[in-house]
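Please keep the sequence and the 3D view open while reading.

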Amino acid sequence: MRAALVIARKDLRQRVRDRSAIILGLVAPVAIAALMSLAFNGADTFHFTLGLVDQDHGPVATALRQNLELPALRRIVTLKVLDSEAQAREEVRSQRVAAALVIPPGFSAAATSSASSALHTLSSVNNTIAADVSRSIASSFVAQINADRLSVATAIASGSPTSRAAVLAAAATDLRIPEQLVQRPLGAHPVKVVSYYAPAMAILFLFFTISFSSRSFFAERAQGLIERLRAAPVHPAEILLGKVLSVFVFGVASLGMVWLVTAAAFGADWGAPAAAGLVCASLVVATVCLTALVIGLARTQRQAEGIASAVVFILALVGGNFVFISTAPSVMRRLALFTPNGWALRAFTDLSTTGGGLHTVAVPVLAILAFSGVVGAAAVRLAYRAVTA
Amino acid sequence: MTPIAIAKASLQRVVRDRRALFFMIALPILVIIIIGATVRGYNRFSVGVVDLGSGRAGHDLVAALADSSDLTVHAYRSTASATTAVARGEVSLALVLPASMDAGLRAGRSVAVTALTEEASTTQEAAYNAVASVVASQGSRLQAARFATSVQGGTLDQNLSRAASLEARVPVVAVETLQVDARSNTLPEGFSYSTPTMLVLFVFINTLTGAASIIETRRLGMYERMSVAPVRPRAIVAGEAMSLVTLSLLQALLIVGTGALLFGVSWGDPLAAATLVVLWAVVAAGVGLLAGTLFRSPEQASALGPTLGILFGMLGGCMWPLSIVSPAVRAIGHATPHAWAVDAWTALIARGAGFAGIATDLAVLVAFAVALMALATWRLGRRLV
């Protein structure tokens, strides 16, 4: 055991002295997470400025404007009153407002009669969603008016005399649309960009240590270091354990540092410390097993580099380290669960959105450990051969 | 002829390296597929639906939601799975259609459709408004049918059919959308987004990591040995530059071809697109050549190359459209050549621009290419003398 610790300490010292290891283990993941946080600062929320042109000034137009200024809508819409449709078009075109709503002259009169009329939303090809939301808000506003008109028309079509239209219209004003949408908050918080990408980048760069460690193993073997170690009374298993231990310690330190820096500097929410720590530890175990597997599969330093890079990029791509996996098609979300990083990112997402604890990460941690078990079992046999070869 | 011989030797070394081929060919295609499948739906809200046995009213509502241009509907089997999906951000909100919905509406009662939402999410608030509009429109038929049944008789189903057929004919207060411009600032969704941006990203990363072979050649003393022969330093630099430009061009052409044939990407004006591809290959080669003089070891090049490449790609709009970030980040992004290349692809693909439409972007890329090549040639040449 002592020999394993000596080997691990030597490897770690070498790693710390090598600046590219520090860059990969700490600087790069923090820099990328910071960049994402900066880029998407404010993009976590949906809010837009809506230009409003009131050419009617009647009671229905005033009611519509008051509706747009309700507290619930103020969270997503800021109103900017504009003088004319021409000005509104220019403001939308130049993206000073995301969309505009034009209330035409005579709108109130038409709305309170049975004449047809139309509100206009002005939209830009670069911000169709703002126009769609504006259209939805306006449509919800006029929905009751249209429902009342449809009610009168249906009653007449089913046999009521046309002469009773005015009476029916008066009766219809008391009606209310029978289907209503009711909001029920779940108590979950939306996942912040930095809370997803801080662990995602930390995991990606943790995986880069697979290439680094396996390459250094073959570099040492090429220099005859492994043979010299074996000449001493050191069991091959101790050599392997020493290597594995250094990867484990470096991995834990790297993840821990990125966790601390991104949480303190950019407000990344990694979730409850005990649960997040458990996910990190299980992920490092998976990294250790993958490193051992690459050492077992490769024959040369170059081969180790190649296999490790392929493994890392495929895991990162499939597991969701580059894209927010929640918005990916369901087949990709399922594929992600074949990777330890996919499970880890699911665990971090659940921790930060629901504020859960150990029970939240139980299944992901077991899945990561199962992956590690399978990879580790194959690796032990192959890597042992690499040490004794 | 000497530069060509040097370039040929460098190219042969890369072609024999299976790892390099993986990064040049397989990885970019894989990333294009994954990003292309993921980066879509920015203009729609994803909405979950749990049907607890709502009957016809529920089915009609789901059909109306699916027809809405603002919404993408996903069905969930249980409230628990829909709740998890909302919490994870897989959908903006989830609707629970109650078991008693159809029966309740037929019995003349009002029915509440629950929308499960996150807290403090304005995205969900916007999705909520889009769904509320569909629910209101759907409910108006029911209101009309119930009113007609109460004043004139007949069955609810008969009057529902009448209301549905009348809906298009009754004069309404409509909400019409008028598009005021046609100048798109972003690439289209899907593969038309992922293919050009990944071309920009991977050609750059590839030459950056390709610097490792220049460093290795330097380390092995190959350049010194070449200098013993009647080979001028300028020829060596030209040979290495030619090799990197050729590699970049091959990779870019592979991505352009794959994009056009497999993913249906229309690359726009052929002359302008070809100029852009060649120019980007020269910019990337300049960066690779410069990196070959800046990095100290091949390990450093393989470690820092992808990291720098990803960082530049993020800043330059390869990972997400720069139109969605703040103006300050957008301005910083334009300090990278990536942003100008992505702008040019956007103009060609999204707006159908020609050579003149991307002249400014091309001019900036020429400036990048000249500056990088000059600096790299000077530094590499100095090391060879």
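Leaving aside residues up to four places away in sequence, B:Trp280 touches B:Val200, B:Val203, B:Ala252, B:Ala341 and B:Leu365. The model is a predicted one. B:Trp280 also belongs to the largest nonpolar core, where it is among the residues that touch the most other members.

**Nonpolar cores**

- The largest core holds 162 residues, and A:Ala33, A:Val279, A:Val294, B:Trp280 and B:Val283 are the members with the most contacts to other members.
- The most residues in this core, 18 of them, come from helix α9 (residues 193-222) of chain A.
- Another core, of 90 residues, lies apart from it and includes A:Phe46, A:Ala110, A:Ala155 and A:Ala172.

**Domains**

- In chain B, domain 1 is assigned to 2-39 + 190-384, while domain 2 covers 45-166.
- The centres of domain 1 of chain B and domain 2 of chain B, taken over C-alpha atoms, are 51 Å apart.

**Shape and make-up of chain B**

- Chain B contains 15 helices and five strands.
- The C-alpha trace of chain B spans about 105 × 45 × 35 Å along its principal axes.
- Chain B has a radius of gyration of 29 Å, whereas a compact globule of 385 residues would have one near 21 Å.
- Of the 385 residues in chain B, 52% are buried.
- Among contacts in chain B with a separation of 6 or more, 78% link residues 24 or more positions apart.

**A sheet with strands from both chains**

- An open sheet of five strands runs in the order β2(A)-β1(A)-β3(A)-β4(A)-β5(B), with mixed pairing.
- Its edges are β2 (77-81) of chain A and β5 (173-179) of chain B, each of which pairs on one side only.
- From one strand to the next, the twist averages 25°.
- Strand β1 (residues 48-54) of chain A and strand β3 (residues 99-103) of chain A run parallel and are joined by five bridges.
- Opposite A:Leu50 stands A:Ala99 in β3(A).

**Helices across the sheet strands**

- Helix α3 (residues 59-68) of chain A lies across β1, β2 and β3 of chain A, at about 170° to β1(A).
- Helix α5 (residues 85-93) of chain A lies across β1, β3 and β4 (117-123) of chain A, at about 170° to β3(A).

Methods
Residues are numbered from 1 along each chain as its sequence is written. Chains are lettered from A and ligands numbered from 1 in the order in which they are written. This is a predicted model: local features need pLDDT of at least 70, side-chain atom pairs count only at pLDDT 80 or more; totals for chains, interfaces and linings use all residues. Helices (H or I, at least four residues) and strands (E, at least two) are DSSP runs, numbered from the N terminus. The radius of gyration is taken over C-alpha atoms; the globule rule is 2.2 Å times the number of residues to the power 0.38. A residue is buried if 20 or more other C-beta atoms lie within 10 Å of its own, exposed if 12 or fewer, and partly exposed in between; C-beta atoms are placed from the backbone. Two residues are in contact if their C-beta atoms, placed from the backbone, lie within 7 Å. Domain bounds come from an automatic or database domain assignment. A nonpolar core is a set of buried Ala, Val, Leu, Ile, Met, Phe, Trp, Tyr and Cys residues joined through C-beta atoms within 7 Å. Two strands pair if DSSP finds at least two bridges between them. Axes are lines fitted to C-alpha atoms, for helices over the stretch in contact, and angles run from 0 to 180 degrees between N-to-C directions.
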